[in-house]
Amino acid sequence: MKKKIEPNSQEVVLGSGEMIVSKTDLTGRITYANRTFMRISNFAERDLLGVQHNIVRHPDMPRGVYRFMWETLKSGQEFFGLVKNMTADGAYYWVFANVTPDLDASGRTTGYFSVRRPPPADAVRAVVPLYEAMLRAEREAGAANAPDASMALLHKTVADLNTTYDKFVLGLYKG
């Protein structure tokens, strides 16, 4: 059994031209990770391939964002989001993520393709209070209802701004 990684306050920053690329199967198990992903996350390829992509999930990320991502992907749409991930040694890194269904020649989804870029600092500052509120909603709702509670807060927040999460996030990304 692997030791649980504890988050710390050390930030790892993607270079301005760097992109993290990965592919997963339909269940989210990693089938490909580029060298940048391995270097930034501090995981060796053998530690990434065949495991759930949530191996890099930071506890500061609301479960509702992931619920929304999976609903978006399973509907055949692409997902855009700002995501805080965690490295193998507990450091963190922020990314602007674009996840798309990976289709075979007949148009069937066979997995998912993800490209992550460095996000603008202003974008991260804009989502942190929203994600903190979502995490509070998750704690108040309890583990079983946490993703639904925070996803409802996410939808309400962006609806109050007269937009959608995707448009909100894309509006924050100017790179």
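1. Let's start with helix 5, where the length checks out: at 1.5 Å a residue, its 15 residues should span 21 Å, and the end C-alpha atoms do sit 21 Å apart. The expected span here is 1.5 Å times one less than the number of residues in the helix. Helices (H or I, at least four residues) and strands (E, at least two) are DSSP runs, numbered from the N terminus.

2. A word on the basis of this note. The model is predicted, so local features need pLDDT of at least 70 and side-chain atom pairs count only at pLDDT 80 or more, while totals for chains, interfaces and linings use all residues. Residues are numbered from 1 along each chain as its sequence is written, and side-chain values use heavy atoms, with hydrogens and water left out.

3. Back to helix 5: Ala146, Pro147, Ser150, Met151, Leu154 and Val158 are buried. Seen down the helix axis, these buried residues fall within an arc of 120 degrees, so they line one face; the arc is that of the directions from the helix axis to the C-beta atoms. Buried means under 20% relative accessible area, exposed over 50%, and partly exposed in between (1.4 Å probe, protein chains only). The cover over the buried residues includes helix 3, helix 4 and helix 6. Just after helix 5, Asn162 has a positive phi of about 60 degrees.

4. Now the largest nonpolar core, which has 42 residues; Phe37, Phe79, Leu82, Tyr131 and Tyr165 touch the most other members. Such a core is a set of buried Ala, Val, Leu, Ile, Met, Phe, Trp, Tyr and Cys residues joined through side-chain atoms within 4.5 Å. Elements that each supply at least two residues include strand 3 (79-86), helix 4 (121-141) and helix 6 (165-172). Strand 4 gives the most, with seven residues.

5. Not counting residues up to four places away in sequence, Tyr165 touches Val65, Phe68, Phe79, Phe80, Gly81, Leu82, Tyr131, Leu154 and Val158, where contact means heavy atoms within 4.5 Å.

6. At the strand 1 (residues 20-24) and strand 2 pairing, three bridges join the two, and they run antiparallel. Strands pair if DSSP finds at least two bridges between them. Ser22 stands opposite Ala33. The two strands form a hairpin with five residues between them, and Gly28 in the turn takes a positive phi of about 90 degrees.

7. Asn34 counts as buried at 12% relative accessibility. Its side chain has a polar atom 3.0 Å from the backbone oxygen of Met19 and a polar atom 2.9 Å from the backbone nitrogen of Phe37. Beyond four places in sequence, Asn34 is in contact with Met19, Ile20 and Val21.

8. Which loop holds Thr87? The one between strand 3 and strand 4. Thr87 is buried, with a relative accessible area of 1%. Outside four places in sequence, contacts of Thr87 include Ile5, Val12, Ile40 and Tyr93.

9. Last, Gly50, in the loop between helix 2 (45-48) and helix 3. Gly50 is partly exposed, at 42% relative accessible area. Leaving aside neighbours within four places in sequence, Gly50 is in contact with Arg29 and Ile30.

Key. A polar contact is a pair of N or O atoms within 3.5 Å; within protein, one must be able to donate a hydrogen and the other to accept it, and residues adjacent in sequence count only if both atoms are side-chain atoms.
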